[in-house]
Amino acid sequence: TSTTEPKRSKVEIFKEQSNFIRYPLNEEILTDTPNINEAATQLIKFHGSYQQYNRDERGTRSYSFMLRTKNPGGKVPNQLYLTMDDLADQFGIGTLRLTTRQTFQLHGVLKKNLKTVMSTIIKNMGSTLGACGDLNRNVLAPAAPLMTKEYLFAQETADNIAALLTPQSGFYYDVWVDGERFMTSEPPEVVKARNDNSHKTNFPDSPEPIYGTQFLPRKFKIAVTVPTDNSVDILTNDIGVVVVSDDNGEPQGFNIYVGGGMGRTHRMEATFPRLGEPLGYVPKEDILYAIKAIVATQRDHGRRDDRRYSRMKYLISSWGIEKFKTVVEQYYGKKFEPFRELPEWEFKSYLGWHEQGDGALFCGLHVDNGRVGGKMKKTLREVIEKYNLNVRITPNQNIILCDIRSAWRRPITTVLAQAGLLHPKYVDPLNLTAMACPAFPLCPLAITEAERGIPDILKRVRSVFEKVGLKYNDSVVIRITGCPNGCARPYMAELGLVGDGPNSYQIWLGGTPNQTQLARSFMDKVKVQDLENVFEPLFYYWKQKRQPKESFGDFTARIGFEKLKELVDKWEGVVQTPPARYNLKLFADKETYEAMDELAKLQNKSAHQLAIEVVRNFVASQQNGKSE
């Protein structure tokens, strides 16, 4: 019997036939049509772009392209920021979008302008290579420009991992700048690790030593951080890397988590969000080899037949962590050491003014959903240009202005405030932690609104808070996505809304404020206009029944979904509670009671109500009598 070829998804065949991600994209971008064909649409992702069209418009589709940059650790040099700001006005929709993976998204670029925009980014210290596609995406690291050894080491490690896993075959430069190479100089240890094939991790004669012709089965996400700092949502990544230091703060090595990931598909129980789990510890000089071994394991064993099950989380879920570790160790050539003890995670936002540690200051600015436009965009540009500032993008869609001299603090604060860029204490706490993905009108995957819908939803949550008597600072992490792929990581939120129909959301509950626990699906198909019917009872009972300092996420997990569903089903609105009552038991003989009952009926009262009234009046008259 002949062995049948394993079934492969269509994208696998596009990759195979593309001459390393060139053909037919290189031809398609030259044609007169506003869009590109199916194969090119898949390949352009590897170059950092998605084809989109405006879904608000009926009739002929108006196609455009969204470009996403690659900025390890969210670092954006001054020159690149100013370039992106210009490109948004000249070739985009006049706004820049800060993303949940510390990059820019530039929407609305027409096909005829793609080459101009791409080459401009490349020539101004930027790149979009590998911001999308079946390879390692942008590597996250804490965005704060803190000058401690640990933070600098985490950011350097993120840069090195990004370099290690950058495509080598030149397709990006061939398509957009006619083959001219703009390679940054790489640290020798990165080149050495990439070329090392002592454990059969590489394709020895390939222009892509790690990726080969087929690249990875699906997107691949890595984050690096330091202990306690969960600004990067560490457990949602394929690989989470945590710096481990000795008692003097000298980095010694890394703890590694594997198998996180958000994306799922509605009504397919076999797809699910998953948290990363501990794999082990490696000494610092081995980190690139360990990362490469994990990537090679997913490359060779991850599913390539059905893209819905291609992420590494499904491989680990089916094998179990022990088998996965054994296979990774074969590619790594060593055993992993035991995971080191770590302190609790905290969410850090870096908003407001802080010392960098080198004499300069940085200022974190809250940007609703990362959408920079209008007066805010103009003002940010003026400040960044005038003071020659570098900036960083945070994984919470915010922006950090770096390297500010203390003398500049007051003028900068004044100018920013006039454009609505306020100190965090003047921003609603609900907005500070909320996130939404772009969704409509441009995302082809959106089922319903996210970014355009969230301002109103947050206002409604705020009024429910007021109605049930919660305090202004009793905040809740709310994240909204227009589809189940979960770009705004709703499955980690205390309250996650995931689009599951026109104007309807699936509601997820039970994440924690420090992003360490997975939420679970609580209700399906809640119409946007009916959200209060769910929010009110949940927040009311949280207010009434919470333990001291208990977060909303912990509360919903503790009470359990069955009980919560019951509360939602029986909910009849907030009862305005009358002032506290003290019990006064009244006894009477039958005749007195009946006479009282007759008198009460005349006044539409019960005997009890009338009796209490009589008592009240008697007490009042006695007190009045006393005071005369």
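This is a predicted model: local features need pLDDT of at least 70, side-chain atom pairs count only at pLDDT 80 or more; totals for chains, interfaces and linings use all residues.
**Figure 1. The surface and overall build of the protein chain.**
Residues are numbered from 1 along each chain as its sequence is written, and side-chain values use heavy atoms, with hydrogens and water left out. Along the principal axes, the C-alpha atoms fill a box of roughly 105 × 70 × 65 Å. The protein chain has 20 helices and 19 strands. Helices (H or I, at least four residues) and strands (E, at least two) are DSSP runs, numbered from the N terminus. Of the 628 residues, 57% are buried. Buried means under 20% relative accessible area, exposed over 50%, and partly exposed in between (1.4 Å probe, protein chains only).

**Figure 2. The domains.**
Four domains divide the protein chain: domain 1 (135-347), domain 2 (352-427), domain 3 (432-570) and domain 4 (590-624). Their bounds come from an automatic or database domain assignment. The centres of domain 2 and domain 3, taken over C-alpha atoms, are separated by 29 Å. Eight residues from domain 2 and 11 residues from domain 3 take part in the contact. Contact means heavy atoms within 4.5 Å. Now take contacts in the protein chain between residues at least 6 apart in sequence: 67% of them join residues at least 24 apart.

**Figure 3. The largest nonpolar core.**
In soluble globular proteins, nonpolar side chains tend to be buried together. A nonpolar core is a set of buried Ala, Val, Leu, Ile, Met, Phe, Trp, Tyr and Cys residues joined through side-chain atoms within 4.5 Å. How many residues does the largest nonpolar core have? This core has 111 residues; Tyr81, Trp176, Ile256, Ile291, Ile294, Leu380 and Leu401 have the most contacts inside it. Domain 1 (135-347) and domain 2 (352-427) each give this core at least three residues. A second, separate core has 42 residues, among them Leu458, Leu538, Tyr541 and Leu567.

**Figure 4. Close-up of Ile256.**
Neighbours within four places in sequence are set aside here. The contacts of Ile256 then include Ile239, Glu277, Pro278, Val282, Ile294, Phe336 and Phe339.

Leu380 lies in helix 12 (residues 374-386). Is Leu380 buried or exposed? Leu380 is buried, with a relative accessible area of 0%. Residues up to four places away in sequence are not counted; Leu380 then touches Tyr81, Leu365, Val372, Leu401, Leu416 and Leu421. Leu380 and Leu401 are 21 residues apart along the chain, and 9.3 Å separate their C-alpha atoms.

**Figure 5. Asp56 and its partners.**
Asp56 sits in the loop between strand 1 (49-53) and strand 2 (63-68). Asp56 is partly exposed, with a relative accessible area of 44%. Apart from neighbours within four places in sequence, Asp56 is in contact with Pro441 and Arg452. Asp56 and Leu442 are 386 residues apart along the chain, yet their C-alpha atoms are separated by 8.3 Å.

Most residues other than glycine have a negative phi, and most peptide bonds are trans. A cis peptide bond joins Phe440 and Pro441, with omega about 10°. Pro441 is in the loop between strand 15 (435-436) and helix 15 (454-468). Tyr23 and Pro24 are also joined by a cis peptide bond, with omega about 0°. Pro24 lies in the loop between helix 1 (10-16) and helix 2 (25-28). Gln102 is not a glycine, but has a positive phi of about 65°. Gln102 is in the loop between strand 4 (96-98) and strand 5 (104-109). Gln102 is buried, with a relative accessible area of 0%.

Where is Glu269? Glu269 is in the loop between strand 8 (251-258) and strand 9 (277-283). Glu269 is exposed, with a relative accessible area of 74%. From C-alpha to C-alpha, Glu269 and Val224 are 30 Å apart in space, and they are 45 residues apart in sequence.
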